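Please look over the sequence and structure first.

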Amino acid sequence: MLVNGLELDLEVGVSMLAAAALVLRRRFPLLVFLFTLPGLYIGYIWFAPMIGLYTLAVRRPGRARLGICAVLLIAAHFFPYPITDFELTVYRENTLVLIDASVTSAAPIALGLLMRTRQELASRVEDLTRSLRREDRLLADRVKTTERARLAREMHDVVAHQVSLISLQAGAVQVSTEDPAARAGARTIRELSVRTLEELRHMVGVLRADGGEAAEAHRLAPQPDLTELPRLIEMSALDVTYEGGVVAGASGTKTVERAAFRTVQEALTNIRKHAPGAQVRVRVDPVDAVRGEGSGRAGGSGRAGGSGRSEESRAAHGLRVEIRNGPPDAAATVPALPGGGHGLVGLRERAQSLGGTLEARHTSDGGFVVRAEFPYGAG
């Protein structure tokens with residue numbers, strides 16, 4: 001309107017149509033550019049075809065296409081409307097208009113190609129960055145695999161050898177002794193040694209495996225659950241009262257039951273180290289049953305009353321494990337067992353990885369309590 005005035009005539013009409021067509025320039029860049037040329041030829045609206053040609057250079061950068069479009073823009077800008085007003089003999093004015101038309105045509109093409117090149121460079125840099133990150137991950141995985149293989153060799157060479165000697169010595173005692181108590185103790189030691197070797201063998205297989213082999217080794221590894229808790233407690237050589245308010249396998253996932261088993265196992269190991277002779281109570285209950293009506297019936301043994309709780313355990317949303325021990329017996333001998341101080345830390349990390357919690361603290365009577373809660377949806 002600044003060029004043609006405020007009167008709604010043909011020049012203003014084609015200029016407004018050319019400007020309105022720019023809305024579709026990203027979807028139809030070539031058609032929009034051609035549609036804006038009458039606005040330049042008749043209405044002298046320069047920005048519409050320039051924007052259209054810029055968009056065409058960014059999105060459809062063909063040499064022949066851009067060349068033809070540049071010639072069309074130069075022609076629309078050079079020749080006047082109507083064409084009968086063109087005077088060929090006005091050389092100086094025609095030369096200036098041709099130079100102006102050429103610059104008007106070349107500038108959006110150059111800017112559009114520059115922008116497209118910048119976008120391509122940014123895309124290639126992003127691809128290169130992703131490739132470098134992928135290579136870093138592969139290198140880290142390779143280093144991790146090498147370290148896992150080294151740990152597997154160390155575990156197999158050191159631990160397996162020592163446990164095998166323990167198993168052989170226990171077998172020799174079991175055969176040679178006449179004392180029933182000593183024979184039973186030797187049999188227990190040998191069973192524990194065999195189980196330890198089996199778990200160690202599977203663990204070494206997991207450490208050595210990589211990729212799909214790791215998943216296969218993980219499926220083959222032993223998966224203890226709540227059904228093995230009574231046997232674990234029986235072989236712990238501790239004064240343990242077991243109160244089970246949930247049927248093993250009746251609800252939840254094996255991952256949660258395995259975490260509960262490992263929690264009890266580590267807690268009993270700590271009791272043997274730090275509180276010999278103490279009385280121990282192990283309790284496993286559904287979380288909702290502990291909070292609701294099931295808490296009044298959880299006092300019985302898990303062996304006697306477990307089967308009547310299947311419906312109740314199916315309604316539970318989580319599992320609570322509590323291991324509580326009293327003060328140690330002053331007359332009991334403290335075993336010289338090594339400890340790295342990582343047991344409770346590992347239990348807490350396991351609980352957190354499953355979305356649960358773990359609490360470990362001293363009690364007022366000089367004992368200790370470990371309490372963990374696991375949601376069944378985590379496994």
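How do the axes of helix α1 and helix α2 cross, and within what distance do they come?

## The pair α1 and α2

Helix α1 covers residues 10-21 and helix α2 covers residues 29-43; their axes come within 8 Å and cross at roughly 155 degrees. Axes here are lines fitted to C-alpha atoms, for helices over the stretch in contact, and angles run from 0 to 180 degrees between N-to-C directions. Angles under 35 degrees count as roughly parallel, over 145 as roughly antiparallel, 65 to 115 as roughly perpendicular and the rest as oblique. α1 and α2 are therefore roughly antiparallel to each other.

The crossing of α1 past α2 is left-handed, a term used if the near helix is turned anticlockwise from the far one by less than a right angle (right-handed if clockwise). On the α1 side the contact is made by L10, E11, V14, S15, L17, A18 and A21, and on the α2 side by V32, F35, T36, P38, G39, I42 and G43. Contact means heavy atoms within 4.5 Å. Nine residues of this contact are nonpolar, four are polar and one is charged. In this grouping Ala, Val, Leu, Ile, Met, Phe, Trp, Tyr, Cys and Pro count as nonpolar, Asp, Glu, Lys and Arg as charged, and the others, Gly among them, as polar.

## Basis and overall make-up

The model is predicted: local features need pLDDT of at least 70, side-chain atom pairs count only at pLDDT 80 or more, and totals for chains, interfaces and linings use all residues. Residues are numbered from 1 along each chain as its sequence is written, and side-chain values use heavy atoms, with hydrogens and water left out.

The protein has 13 helices and five strands. Helices (H or I, at least four residues) and strands (E, at least two) are DSSP runs, numbered from the N terminus. Of the 379 residues, 34% are buried. Buried means under 20% relative accessible area, exposed over 50%, and partly exposed in between (1.4 Å probe, protein chains only). Among contacts between residues at least 6 apart in sequence, 72% join residues at least 24 apart.

## The pair α3 and α4

Helix α3 (residues 47-59) and helix α4 (residues 63-78) have axes that come within 11 Å and cross at roughly 175 degrees. That makes α3 roughly antiparallel to α4. P49, M50, L53, L56 and A57 of α3 meet R65, L66, C69 and L73 of α4. Eight of the residues in this contact are nonpolar, none is polar and one is charged.

T55 also lies in helix α3. With a relative accessible area of 7%, T55 is buried. Leaving aside neighbours within four places in sequence, T55 is in contact with R25, R26, P29 and R60.

T263 is placed in helix α9 (residues 254-274) and is buried, at 1% relative accessible area. A polar atom of the T263 side chain lies 2.8 Å from the backbone oxygen of A259. Not counting residues up to four places away in sequence, T263 touches I323, L347, L358, V370, A372 and F374.

G346 is found in helix α13 (residues 343-353). G346 is partly exposed, with a relative accessible area of 31%. G346 and E266 are 80 residues apart along the chain, and their C-alpha atoms are separated by 9.6 Å.

D285 sits in strand β2 (residues 279-286) and counts as buried at 3% relative accessibility.

Terms used: Polar contact = N/O pair within 3.5 Å; in protein donor to acceptor, adjacent residues only side chain to side chain.
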